[in-house]
Structures are given as C-alpha cells and as structure tokens.
Amino acid sequence: MKAATAPKTGAVSPGRQQRAQSILDLVGNTPVLEIRRLRDGVSPRVRVFAKLEGLNPGGSVKDRAAVWMVRDGIRSGKLKAGKTILDSTSGNTGIALALAGAVLGYGVELVMPENVSIERKKIVGAYGARVTYSSPMEGSDGAIRLCRTILAKDPERYFKPDQYFNPVNPLAHYESTGPEIWRDSGGAVTHFIAGLGTGGTVMGTGRYLKEQNPTIQVIGVEPDDAWHGLEGLKHMASSIVPGIYREEQLDRKVSVSTDAAYETVYRLGSEEGLVVGQSSGAAMVAALQIAREIDEGILVVIFPDFGDRYLSTSLWVGWREWQERRAPATIP
C-alpha cells in the first residue's frame, strides 16, 4: 500500500491534522492497517489490510451512509425544519444519525432491538436521540417492521432515511470508501471483503472498485445461521432482504460461525492490539479464508467498528476461557 495522497477538503487523512468546520467533515479517510501476525497459513506474497472504520467520529462505518442520507434529505427538501429523523437500526446507523441530527439541529427517533448493547443505548442517548425498542427475538427485521408502523401513524412528522432501501447508502461508499481503498492501495487491491448488514458498504465500494479493475474480487460475509450472535450482520436467506442489496454483483459470499468470529476478535486483541466488534471478527475470518486460498494478492477488509461498544455483550463471555486454553501449560 502506498502513502495516502491529499484527502478531499474538509476531511482529515491518517497521520495529518487539519481544521474542520464541523465534526461531520471528519467522516471518511479512515486508515488501513496491515494485519501482520494473525495470518496462519497465508502465503508471504499475500497481504491483508484492515480499514479501521471505528476511527470515524461516530465510531463506525455507518457514519458515511448516515451523513450522506441526511444531507441528501436536506438537499431534496424531504428533510425540512421541524421534521424528525426516524429509522430502524441495530445500533451503529442509529448512533450516526443521532450524531448528524445533533449537529444539524434535527430531532432523531430510532427503533432498535431491545437487546442491543448497553453501550449503544447510552451513546444514542448522549446525542439526545429518542429510542423505541422492538422485540429482541425479532432482531433487525422486527425493528424494521415497528419503524414502518410508527411512520404510518404520522408520515408528515418524519424523514425516514430508510437505510435498507435508500440508494444513497451505497452511493456514500461509492463516493468515499471505494476511492479511498483504490487510492491507498495504489490501485493494487485484488480482493475486497465486507460484512452484509444493509449491504451498502459492499455494494457501493465494490461497484467503484470493479469500475477501476473488473478483476477485483468483491466478497460479502454473513452469519452461517439465522440464530447467530453477530450483531449488525444479516443471514440473508432468513431475513428481510434490503432493497439496495444485489447478490449477483458479488463474486462470492462467505458464511462465518459466531464462535469463529468471537475467537478471531480475541486474537485480534491479543496479537494485533485491535479490540474490535464481532462483525469485524467475522470479516477477518472470511479474509483469512480467502487469503489462504491464493498465492499472491492484496486484500482489504472492512472493520466496521471497535469493541468498546460491545463490552457488556455475550461477545466477551468466553474470553477468559479462551485465554486460559491458550496459556502455556506450567511445569510442576
């Protein structure tokens, strides 16, 4: 990967400080970090880079889509003074919308599954957003349905970005994430890997990269089962399929188990110094699987956020047991 060139005006590139007029101008231009230790069985001619989206101001990759959708709503006239931003979310998009609403002066109402992490609940509250909780048993699909019900009762009150069906979601990644990866890899990226939630990241970034080089492989990552513990990711066969998702545009999908993703989160922390969320662990599992199958290449994998917003979740229940299993046996 070559050094980054100058970023767009209003953004801050890795390792460079610059004045910004608004915290929203700091969205994007996240760094890529080479994974150097967690690479069992990978050819020395294969390099794996993680794009650290947790360094966005709202703490996740969802900052990009949220800011793009809100600004598009303002430009189009759909979001006017006095209207409230409303959407369903598993957490990160809600945080990003709450951030944007706070900065731009709009009220924000979110529908989230009741079992999202305590940390996420507190963060959206800190931004002043109002939250309605949906059934924890219905996951993100339950939040989608409840949000539709709330909107139908008073449609004139709300602006709904509708992250699952709004083409501006993938457009945000087409205009930012894709160009950043192409720039920072010097056009040498061969594989792009991202988890499947709304599908916006993989669709928009993948489309941009394919336009630059059609041989680049675009790979989506999903849980291997409908009943999984990978918050933020969708098992597409058992879920409401987002309208922006086009599976035929992927070169491949990789299914990842919850246990494998969690163990990889633990390894990233202890070996790479990266404490990330479970969706990042799942994406890394897939990246390593692809990396072991090829002899040469440059893989870029999206790490959507860091692990500090999951410390109270089941992600860390097995951490100590895993650590004990890995500890070297003592000699009596």
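This is a predicted model: local features need pLDDT of at least 70, side-chain atom pairs count only at pLDDT 80 or more; totals for chains, interfaces and linings use all residues.
**Exercise 1.** Find where Asn29 is placed, and decide whether Asn29 is buried or exposed.

Solution. Begin with the chain itself, where Asn29 is found in the segment that comes before strand 1 (32-34). Next take the relative accessibility, which is 5% for Asn29; because buried means under 20%, Asn29 counts as buried. Finally look at the backbone, where phi of Asn29 is near 55°, a positive value in a residue other than glycine. Most residues other than glycine have a negative phi.

**Exercise 2.** Locate Asp162, and work out which accessibility class Asp162 belongs to.

Solution. Asp162 sits in the loop that joins strand 6 (158-159) to helix 5 (168-184).

**Exercise 3.** Describe how helix 7 and helix 9 cross, and say which residues make the contact.

Solution. First consider the axes of helix 7 (residues 258-272) and helix 9 (residues 319-326), which come within 11 Å and cross at roughly 65°. The crossing in which helix 7 passes helix 9 is right-handed. Helix 7 contributes Glu263, Tyr266, Arg267, Ser270 and Glu271 to the contact, while helix 9 contributes Trp319, Trp322, Arg325 and Arg326. Sorted by class, the residues of this contact are three nonpolar, one polar and five charged.

Note on methods:
Residues are numbered from 1 along each chain as its sequence is written. Side-chain values use heavy atoms; hydrogens and water are left out. Helices (H or I, at least four residues) and strands (E, at least two) are DSSP runs, numbered from the N terminus. Buried means under 20% relative accessible area, exposed over 50%, partly exposed in between (1.4 Å probe, protein chains only). Axes are lines fitted to C-alpha atoms, for helices over the stretch in contact, and angles run from 0 to 180 degrees between N-to-C directions. A crossing is left-handed if the near helix is turned anticlockwise from the far one by less than a right angle, and right-handed if clockwise. Contact means heavy atoms within 4.5 Å. Ala, Val, Leu, Ile, Met, Phe, Trp, Tyr, Cys and Pro count as nonpolar, Asp, Glu, Lys and Arg as charged, and the others, Gly among them, as polar.
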